Amino acid sequence: MRSLIDKLSKENYLTQNELEYLLDKMTEEDRDYLIEKAYDVRKKYYGDTVFFRGLIEISNICKCDCFYCGIRKSNKKADRYRLSKEEILDSCHRGYFLGYRTFVFQGGEDSYFTDNILEEIIRELKNQYNDIAITLSLGERGAESFKRLYDAGADRYLLRHETVDEELYNKLHPGMSLENRKKCLESLKSIGYQVGSGFLIGLPGLKLTDYAKDLVYLKKLRPHMVGIGPFIPHEDTPLKAEKGGTAYDTITLLAIIRLLLPDVLLPATTALGTIDPKGREKGFKAGANVIMPNLSPMECRKKYALYNGKVFLGKESAEEKIKIENSVLEAGFQPILTKGDNVRWKRK
Ligand code: 5AD
């Protein structure tokens with residue numbers, strides 16, 4: 001097993017069979033060794049830094065009906081909101097003042113956010129600040145839309161593939177297709193975005209070895225960023241009675257991803273921090289190097305509930321930032337607020 005882990009860290013590649021074998025047969029000692037290797041690679045590429053990204057949850061209105069997600073269309077109990085252009089810009093200004101240089105606009109698939117409106121917001125921010133990156137995480141759109149937003153100044157796009165198991169994908173995402181998801185990711189890449197994908201850990205019916213397929217897909221896609229996190233059941237969804245993913249499995253997969261894609265920007269996600277209070281710190285030690293503190297207006301943070309129990313670390317953004325910075329420092333890492341593009345990337 002050690003030689004397989006050595007091979008993975010030397011060649012940044014394993015076949016699907018080898019990945020399955022690793023996930024299936026790894027003992028706890030092997031896993032410690034894997035995490036050590038992932039930590040070495042993280043150190044080589046990024047030292048002890050952790051990049052901060054300011055997350056703004058712009059809308060919880062969504063036309064999709066994903067079975068696991070708390071803001072799915074059919075959840076009549078969700079208290080819906082949408083931020084205005086002014087509220088979004090205001091959150092960014094406050095974030096800039098706090099030192100953030102990346103702003104992530106995340107939201108449900110809300111048709112209010114047309115290309116025109118998003119272009120205006122992106123242009124205005126990019127005119128005002130020349131040292132920021134804008135990341136979008138707004139679901140599936142057409143290639144033309146992706147291109148317009150890129151030309152307006154958006155730099156990065158996050159779109160998890162969620163699961164590469166087609167049968168499960170179809171079950172969990174009514175009216176959607178894995179094929180279109182992949183097409184979106186390809187077009188984002190060819191337009192020139194820094195692209196992030198990733199998957200959920202612990203979706204009903206999946207075994208640890210099943211993630212070998214997701215890992216192979218990610219290796220082929222070669223994204224600049226990868227977001228993975230445990231599935232956490234939400235009480236007002238069809239999956240409310242299912243078991244969620246574990247921090248243990250999430251951390252194992254973070255380490256493997258660091259070794260497969262050594263220069264990838266890899267967040268320790270809020271979901272991981274939600275199921276384990278030390279989850280994100282453990283994530284950094286296994287290769288994660290990004291954290292996304294919340295910059296959304298306080299009133300809407302509770303409403304942006306994709307899952308139950310989401311952690312809140314402060315009464316407002318400034319306090320949350322200080323708390324997260326302290327926890328990063330305590331874990332032995334250096335918070336960094338610069339733009340932090342992937343080293344492989346240049347704007348086309
Ligand atoms: N548990 C964990 N993560 C979730 N997401 C959506 N619902 C849940 C849940 N119940 C994730 C999806 C999506 C990202 C923004 O949030 O993977 O891509």
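This is a predicted model: local features need pLDDT of at least 70, side-chain atom pairs count only at pLDDT 80 or more; totals for chains, interfaces and linings use all residues.
An oxygen atom of the ligand sits 2.6 Å from an N or O atom in the side chain of E162.

**The ligand site**

Which residues are around the ligand? They are Y68, C69, Q106, R160, E162, L200, P230, F231, I232, L306 and Y307. Besides E162, two of these residues come with a ligand distance of their own. I232 has a backbone N or O atom 2.8 Å from a nitrogen atom of the ligand. The table sets out these contacts.

| Residue | Protein atom | Ligand atom | Distance |
|---|---|---|---|
| E162 | side-chain N or O | oxygen | 2.6 Å |
| I232 | backbone N or O | nitrogen | 2.8 Å |

**P204 and its loop**

P204 belongs to the loop between strand 7 (200–201) and helix 9 (211–221). What does P204 touch, beyond its neighbours within four places in sequence? Its contacts are L168, F231, L239 and E242. One of these, F231, is also among the residues around the ligand. I336 is 132 residues from P204 along the chain, and their C-alpha atoms are 36 Å apart.

**Helix 2 against helix 9**

Helix 2 (residues 16–25) meets it with axes that come within 9 Å and cross at roughly 135°. That angle makes helix 2 oblique to helix 9. The crossing is right-handed. From helix 2, the contact uses Q16, L19, E20 and L23. From helix 9, it uses Y211, A212, K213, L215 and V216. By class, six residues of this contact are nonpolar, one is polar and two are charged.

**Helix 1 against helix 3**

Helix 1 (residues 2–11) packs with helix 3 (residues 28–46) at about 20°, and their axes are 10 Å apart. Is helix 1 roughly parallel or oblique to helix 3? The angle makes helix 1 roughly parallel to helix 3, because angles under 35 degrees count as roughly parallel. Here too the crossing is right-handed. R2, I5, D6, L8 and S9 come from helix 1. Across from them, helix 3 supplies E29, D30, Y33, L34 and K37. Sorted by class, this contact has four nonpolar, one polar and five charged residues.

Conventions:
Residues are numbered from 1 along each chain as its sequence is written. Side-chain values use heavy atoms; hydrogens and water are left out. Axes are lines fitted to C-alpha atoms, for helices over the stretch in contact, and angles run from 0 to 180 degrees between N-to-C directions. Helices (H or I, at least four residues) and strands (E, at least two) are DSSP runs, numbered from the N terminus. Angles under 35 degrees count as roughly parallel, over 145 as roughly antiparallel, 65 to 115 as roughly perpendicular and the rest as oblique. A crossing is left-handed if the near helix is turned anticlockwise from the far one by less than a right angle, and right-handed if clockwise. Contact means heavy atoms within 4.5 Å. Ala, Val, Leu, Ile, Met, Phe, Trp, Tyr, Cys and Pro count as nonpolar, Asp, Glu, Lys and Arg as charged, and the others, Gly among them, as polar. A residue is near a molecule or strand if one of its heavy atoms lies within 4 Å of it. A polar contact is a pair of N or O atoms within 3.5 Å; within protein, one must be able to donate a hydrogen and the other to accept it, and residues adjacent in sequence count only if both atoms are side-chain atoms.
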